[in-house]
Structures are given as structure tokens and as C-alpha cells.
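Colleague: Could you take a close look at one part of this model and describe the contacts made there?

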Amino acid sequence: MFTLKPIAVCVTMLTIAPPALAQAPQLGQPITPADIEAWDISIGPDGAGLPPGRGTAIEGEAIYVAKCQACHGEKGTSPSVALAGALAGGMGTLAPNKTPIKTVGSYWPYATTLFDYTRRAMPFQESKSLTADEVYAVSAYILNLNGIVGSNDVMDAQSLPKVRMPNQDGFIPFPRNPK
């Protein structure tokens, strides 16, 4: 038996739906520059965006012992957590016929990357909790463990980008903005 009910429903939907769909969803709120600033903390190889602060390896050792050693091991060479990875050692292992040991000293091309990663992701259970001074000091300590900087060398926004990493030339540059 044929009824007009299905046709009436279709006509009703066709007249009500377009105005309802034209209205934007009322989800969340616009993000403010202050909201973005808290997350816009990337540091590139040139050091642009490094915050004020400073630290030495001597200062960084106590911070490392308190906040990093549980996962990365004593002196950064024997991690207790399989996913943590060693931070020091491995020099000369990125050669043919050798098992590569990828550490900050043997593999990473830029010291600024160490600062960037430490600041945003460490310590694992409290990411983004270290102050800029603590990150500079821990970075200096890890670089010192790898024999890259001295124990009294000050790491800051001016000196950190100048650190020459052993594997700096071991990567093929990738242009981010090809012209």
C-alpha cells in the first residue's frame, strides 16, 4: 500500500537540512598565540629559537643522575630500559662491516638536536619539565661523555650551535624549501 509518509519525510529533510548544514560546528575555541607559543619550541640545526640559559657538564651530571640515569644508565652507556638507548660511546661503529651503535656522539649530526629533543621529550615520565638551564647542562654533560666538549665548557644559545659533532657530515642534506 502506497502512503505519502516517505515522501513527506524526504521533503521535510530537504527543506530543513540545508540551513542546518550551512552552520559551522560549534567545537572548541580559536587557538591563541600564547597557546601556540607553548608548543612552538622546535630548534633547528642553526640554533634559531634557542632560549636564554646556560649550563656546563659539571652542572649537568647531578641533573643526569637524578632525572636520566634510571633509563639511560650510568654515564649514558648501559640503558636499563630497552627503548631508551645509549647516549655515549659507539665512536667508529658507523663503518662498513661493523655493527653500528647509534649514540649522540657517534650518530647525531647537530648538538642543537640534542637540546631540542631533551627539552621536548625528557625525562620520559615528565616531558617538558626541565628548565632551559637544566637542558643546557644535561646537553653539555652528554656531549662531554662523548668527548665532544669539556667539562667546564658553557653551553648556551651562542655556543651550542657551534659545537661540531663527529658525524655532522654523515648525512645527505635535504632542502626543506626547494626553489
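Modeller: Glu59 forms a salt bridge with Arg54, with 3.2 Å between the closest N and O atoms; the term denotes a side-chain nitrogen of Lys or Arg within 4 Å of a carboxyl oxygen of Asp or Glu. This is a predicted model, in which local features need pLDDT of at least 70 and side-chain atom pairs count only at pLDDT 80 or more, while totals for chains, interfaces and linings use all residues. Residues are numbered from 1 along each chain as its sequence is written, and side-chain values use heavy atoms, leaving out hydrogens and water.

Glu59 is partly exposed, at 37% relative accessible area (buried is under 20%, exposed over 50%, partly exposed in between, with a 1.4 Å probe and protein chains only). Glu59 is also among the residues of helix 3 that meet helix 6 (contact means heavy atoms within 4.5 Å; helices are DSSP runs of H or I, at least four residues, numbered from the N terminus).

Helix 3 (residues 57–67) and helix 6 (residues 132–145) pack at about 95°, their axes 7 Å apart. Helix 3 is therefore roughly perpendicular to helix 6, a label for angles of 65 to 115 degrees. The axes are lines fitted to C-alpha atoms over the stretch in contact, and angles run from 0 to 180 degrees between N-to-C directions.

A salt bridge also joins Lys67 to Glu134, with the closest N and O atoms 3.6 Å apart. Because Lys67 lies in helix 3 and Glu134 in helix 6, the pair ties together parts 67 residues apart in sequence. Lys67 is partly exposed at 35%, whereas Glu134 counts as buried at 19%.

How values were computed
Helices (H or I, at least four residues) and strands (E, at least two) are DSSP runs, numbered from the N terminus. Angles under 35 degrees count as roughly parallel, over 145 as roughly antiparallel, 65 to 115 as roughly perpendicular and the rest as oblique.
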